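Visitor: Please pick one part of this model and walk me through the packing there up close. I'd like the actual contacts and distances, along with the cut-offs behind them.

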Amino acid sequence: MGRTKDAIAEGLSIATAAARLSVRNRILVETIARGGHFDGALFAEFARETLRALAAEQDQAADRVTQQRKRAWGRFSDSSGTHDYRDRDTRNLRRRARQSRGVAKELRDFADDAERVDGLVAAARAAAWGDVEANLAKRLDVEGMTADADPDYATMRRARMDALRMVDLARLASQAKKRVKEQSAAASDVGSTPSDPKKSASS
């Protein structure tokens with residue numbers, strides 16, 4: 001029985017972490033991406049829905065394992081694959097189904113406990129703020145980086161100078177040659193303009 005309790009506790013911990021991640025993502029989307037306000041009641045309801053959905057998944061897993069156990073009963077031949085269970089596997093399958101049922105029950109109890117749900121939402125909100133804070137700090141570090149503080153400054157400076165020499169200066173030289181050609185062509189056109197016939201006759 002100890003092994004089953006430990007497995008249920010571990011499964012509950014994993015499922016709770018998944019629920020907290022889902023709530024954190026919802027908080028980020030609703031309050032940051034969509035510019036909304038933090039509504040504790042709204043996110044608490046979303047947390048309850050998430051916990052109950054996870055409980056339903058555990059019940060489905062238990063049903064699936066139970067069906068596998070029934071098919072394995074009385075089969076003593078060699079197994080042909082990982083999920084091709086035999087009679088010798090029925091005890092383990094029964095334990096797995098019991099564990100999944102236990103996790104489902106714990107998740108539903110969690111969803112019905114307002115204090116625990118509020119704690120989950122608070123933890124998700126803190127995680128969401130941690131993500132925002134880390135991103136802001138990273139952006140500020142990059143935008144406010146000085147040559148002395150940036151360990152990659154010398155390497156990046158060489159790369160920028162190479163880009164300037166190979167791309168920007170080459171482009172400027174090409175543009176300068178084009179302007180010279182255009183100016184020469186314009187000067188030639190002016191020099192070859194025919195004289196006014198009236199002025200030629202009067203002279």
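Guide: Let's start with Thr-16, which touches Phe-110 and Leu-120 once residues up to four places away in sequence are left out; contact here is heavy atoms within 4.5 Å. Before going on, some ground rules: this is a predicted model, where local features need pLDDT of at least 70 and side-chain atom pairs count only at pLDDT 80 or more, while totals for chains, interfaces and linings use all residues. Residues are numbered from 1 along each chain as its sequence is written, and side-chain values use heavy atoms, with hydrogens and water left out.

Thr-16 belongs to helix α1, residues 2-33. Helices are DSSP runs of H or I with at least four residues, strands are runs of E with at least two, and the numbering starts from the N terminus. With a relative accessible area of 13%, Thr-16 is buried. On that scale, buried is under 20% relative accessible area, exposed is over 50%, and partly exposed is in between, with a 1.4 Å probe and protein chains only.

Now for what α1 packs against. The angle between α1 and α2 is about 145°, and their axes are 10 Å apart; the axes are lines fitted to C-alpha atoms, for helices over the stretch in contact, and angles run from 0 to 180 degrees between N-to-C directions. This crossing is right-handed, and the rule is that the near helix, turned from the far one by less than a right angle, gives left-handed if anticlockwise and right-handed if clockwise. On the α1 side the contact residues are Ala-15, Ala-19, Ser-22, Val-23, Arg-26, Ile-27, Glu-30 and Thr-31. Facing them from α2 are Phe-43, Phe-46, Ala-47, Thr-50, Leu-51 and Leu-54. Sorted by type, that contact has nine nonpolar residues, three polar and two charged. For the bookkeeping, Ala, Val, Leu, Ile, Met, Phe, Trp, Tyr, Cys and Pro are nonpolar, Asp, Glu, Lys and Arg are charged, and the others, Gly among them, are polar.

Val-23 and Ile-27 turn up again in another contact list, that of Ala-124. Ala-124 sits in helix α4 and is buried, at 0% relative accessible area. Ignoring its neighbours within four places in sequence, Ala-124 is in contact with Arg-20, Val-23, Arg-24 and Ile-27. Ala-17 is another residue to look at: Ala-124 and Ala-17 are 107 residues apart in sequence, yet 9.5 Å apart C-alpha to C-alpha.

Next, follow α2 over to α3. Helix α2 (residues 40-72) and helix α3 (residues 90-111) pack at about 165°, with 8 Å between their axes. So α2 and α3 run roughly antiparallel to each other, given that under 35 degrees is roughly parallel, over 145 roughly antiparallel, 65 to 115 roughly perpendicular and the rest oblique. Their crossing is left-handed. The contact of α2 with α3 divides into 15 nonpolar, five polar and nine charged residues.

Across the whole structure, a search finds seven salt bridges, each being a side-chain nitrogen of Lys or Arg within 4 Å of a carboxyl oxygen of Asp or Glu. One of them pairs Asp-63 with Arg-101, with the closest N and O atoms 2.3 Å apart. Asp-63 is in α2 and Arg-101 in α3, so this pair ties together parts 38 residues apart in sequence. Asp-63 is partly exposed at 39%, and Arg-101 is partly exposed at 36%.

Asp-59 and Arg-108 make another salt bridge, the closest N and O atoms being 2.8 Å apart. Here too the pair runs from α2 to α3, so it links parts that are 49 residues apart in sequence. Asp-59 counts as buried at 17%, whereas Arg-108 is partly exposed at 32%. Through shared partners, salt bridges join Asp-59, Asp-63, Arg-101 and Arg-108 into one network.

Arg-52 and Asp-112 also meet in a salt bridge, 3.1 Å from N to O. Arg-52 is in helix α2 and Asp-112 in the loop between α3 and α4 (114-143), 60 residues apart. Arg-52 is partly exposed at 35%, while Asp-112 is exposed at 56%.

One last stop on α2 is Gln-68, which is buried at 14% relative accessibility. Beyond its neighbours within four places in sequence, Gln-68 is in contact with Tyr-85 and Leu-93.
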